[in-house]
Amino acid sequence: MKFALVIVIVFAATAFAAPLEDRDAHIVQYENDNQGTDGYNFKYDTSNGIQRIEQAQLKNFGGDINALVVRGSYSYLGADGQTYTVNYIADENGFQPEAPHIPRL
């Protein structure tokens with residue numbers, strides 16, 4: 001549930017912060033493979049250069065404790081004209097983004 005909330009917040013913040021021309025962007029490619037409770041894969045590209053790919057697989061953490069482990073990435077064109085890519089994993093250690101432009105603690 002915490003992971004789903006993080007994704008909703010990220011998308012909401014992105015939508016409200018988007019320049020007006022990005023609000024008219026549309027999906028130019030979309031693939032989705034929902035495997036039910038075992039996982040999923042999806043990817044999409046938009047007309048304004050945003051790309052996202054994500055896959056999830058069910059993992060057993062012992063006994064009857066199961067959860068989806070999610071891996072993916074997203075890319076976007078920054079205001080400076082540079083493409084930024086973030087790779088991430090969400091697992092038993094939480095959401096872990098990785099990118100050269102994200103400060104490391």
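Ser 73 is in contact (heavy atoms within 4.5 Å) with Gln 51, Arg 52, Ile 53, Val 86, Asn 87 and Tyr 88, leaving aside its neighbours within four places in sequence. This is a predicted model, where local features need pLDDT of at least 70, side-chain atom pairs count only at pLDDT 80 or more, and totals for chains, interfaces and linings use all residues. Residues are numbered from 1 along each chain as its sequence is written, and side-chain values use heavy atoms, with hydrogens and water left out.

**Overall layout**

- The protein has two helices and six strands. Both kinds of element are DSSP runs numbered from the N terminus: helices are H or I with at least four residues, strands are E with at least two.
- Along the sequence, the order of elements reads α-α-β-β-β-β-β-β.
- The protein has 105 residues, and 23% of them count as buried. Buried means under 20% relative accessible area, exposed means over 50%, and partly exposed lies in between (1.4 Å probe, protein chains only).
- The accessible surface comes to about 7800 Å², and 57% of that belongs to carbon and sulfur atoms. Such areas come from the Shrake-Rupley method with a 1.4 Å probe; for residues, only the protein chains shown count as cover.
- Among contacts between residues at least 6 apart in sequence, 16% join residues at least 24 apart.

**Ser 73 and Glu 54**

- Ser 73 sits in strand β4, which covers residues 66-77. Ser 73 has a relative accessible area of 16%, so it is buried.
- Glu 54 belongs to strand β3, residues 51-60. Glu 54 counts as buried because its relative accessibility is 4%.
- Glu 54 and Ser 73 are 19 residues apart along the chain, and their C-alpha atoms are separated by 6.5 Å.
- The side chain of Glu 54 makes a polar contact with the side chain of Tyr 40 at 2.5 Å. Another polar contact joins the side chains of Glu 54 and Tyr 88 at 2.4 Å.
- A polar contact is a pair of N or O atoms within 3.5 Å; within protein, one must be able to donate a hydrogen and the other to accept it, and residues adjacent in sequence count only if both atoms are side-chain atoms.

**Salt bridges**

- Side chains of opposite charge can pair when their charged atoms come close.
- The count comes to two salt bridges. Each needs a side-chain nitrogen of Lys or Arg within 4 Å of a carboxyl oxygen of Asp or Glu.
- One joins the side chains of Glu 54 and Arg 52 (2.5 Å, N to O). Glu 54 and Arg 52 are both buried.
- Another joins the side chains of Glu 92 and Lys 59 (3.6 Å, N to O). Glu 92 lies in the loop between β5 (83-91) and β6 (94-98) and Lys 59 in strand β3, so this pair ties together parts 33 residues apart in sequence.
- Glu 92 is partly exposed at 45% relative accessibility. Lys 59 is partly exposed at 35%.

**Strands and core**

- β5 and β6 pair in the antiparallel sense over five bridges; pairing requires at least two DSSP bridges between two strands.
- A hairpin of two residues joins β5 to β6. Tyr 88 stands opposite Pro 97 in β6.
- The largest nonpolar core has seven residues: Tyr 40, Phe 42, Tyr 44, Ala 56, Val 70, Tyr 88 and Ala 90. β2 (39-46) and β5 each supply at least two residues of this core. The largest share, three residues, comes from β2.
- A nonpolar core is a set of buried Ala, Val, Leu, Ile, Met, Phe, Trp, Tyr and Cys residues joined through side-chain atoms within 4.5 Å.
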